[in-house]
Amino acid sequence: MKEIERIAEDEVKKDVEKIVYKLQNEYKTGVAGLYRYVVNQHPKFWEKNKQKWDEIFSKADIKYEVDLRIVDFGSKGGIK
C-alpha cells in the first residue's frame, strides 16, 4: 500500500508541476485561487499589489507538498 501511495504522490507532483508551469508561463495568471492564501496570510501585501497580481504570480516561486493517503480502493461489492 505504501508503495502505491508513493507512486501516486509522484504522479500528483508531476501533474501539479505541469499545471503551475502552465499557469505561470503560458497563461501568466493566478486563476487557481492561490491569491486567497496571500489575501488571508499577507493582507497588507495583497492590498498594495493586487492590481499586478498576475505579474507577481507568474514570477513567484511556488512551493507545495503532496501527502497522499489511500483509504479505500473502492472495490467493495465487486464488478458484476
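Tutor: The model is predicted.

Student: In what order do the elements run from the N terminus?

Tutor: They run α-α-α-α.

Student: How does the radius of gyration of the chain stand against that of a compact globule?

Tutor: A compact globule of 80 residues would come out near 12 Å. This chain has 18 Å. The box filled by its C-alpha atoms, taken along the principal axes, is roughly 55 × 25 × 25 Å.

Student: What share of the residues counts as buried?

Tutor: Of the 80 residues, 19% do. The accessible surface comes to about 6,900 Å², and carbon and sulfur atoms hold 54% of that.

Student: Which residues make up the largest nonpolar core?

Tutor: General idea first. In soluble globular proteins, nonpolar side chains tend to be buried together. Here the largest core has five residues: Leu23, Val38, Trp46, Trp53 and Phe57.

Student: Take Trp46. Which residues does Trp46 touch, leaving out those up to four places away in sequence?

Tutor: Tyr35, Val38, Val39 and Trp53. Val38 and Trp53 are also members of the core.

Student: What share of contacts between residues at least 6 apart joins residues at least 24 apart?

Tutor: In this chain, 67%.

Student: Now the surface. Which residues form a nonpolar patch there?

Tutor: Met1, Ile4 and Phe73. Together they have about 330 Å² of accessible area. Ile4 sits in helix 1, residues 2-27.

Student: Why does Ile4 count as partly exposed?

Tutor: Because its relative accessibility is 40%. Partly exposed lies between the buried limit, under 20%, and the exposed limit, over 50%.

Key. Residues are numbered from 1 along each chain as its sequence is written. This is a predicted model: local features need pLDDT of at least 70, side-chain atom pairs count only at pLDDT 80 or more; totals for chains, interfaces and linings use all residues. Side-chain values use heavy atoms; hydrogens and water are left out. A nonpolar core is a set of buried Ala, Val, Leu, Ile, Met, Phe, Trp, Tyr and Cys residues joined through side-chain atoms within 4.5 Å. Buried means under 20% relative accessible area, exposed over 50%, partly exposed in between (1.4 Å probe, protein chains only). Contact means heavy atoms within 4.5 Å. Patches are made of residues with over 30% relative accessible area and no salt bridge: like charges are joined within 9 Å, nonpolar side chains (Val, Leu, Ile, Met, Phe, Trp, Tyr) within 5 Å. Accessible areas come from the Shrake-Rupley method with a 1.4 Å probe; for residues, only the protein chains shown count as cover. A salt bridge is a side-chain nitrogen of Lys or Arg within 4 Å of a carboxyl oxygen of Asp or Glu. Helices (H or I, at least four residues) and strands (E, at least two) are DSSP runs, numbered from the N terminus. The radius of gyration is taken over C-alpha atoms; the globule rule is 2.2 Å times the number of residues to the power 0.38.
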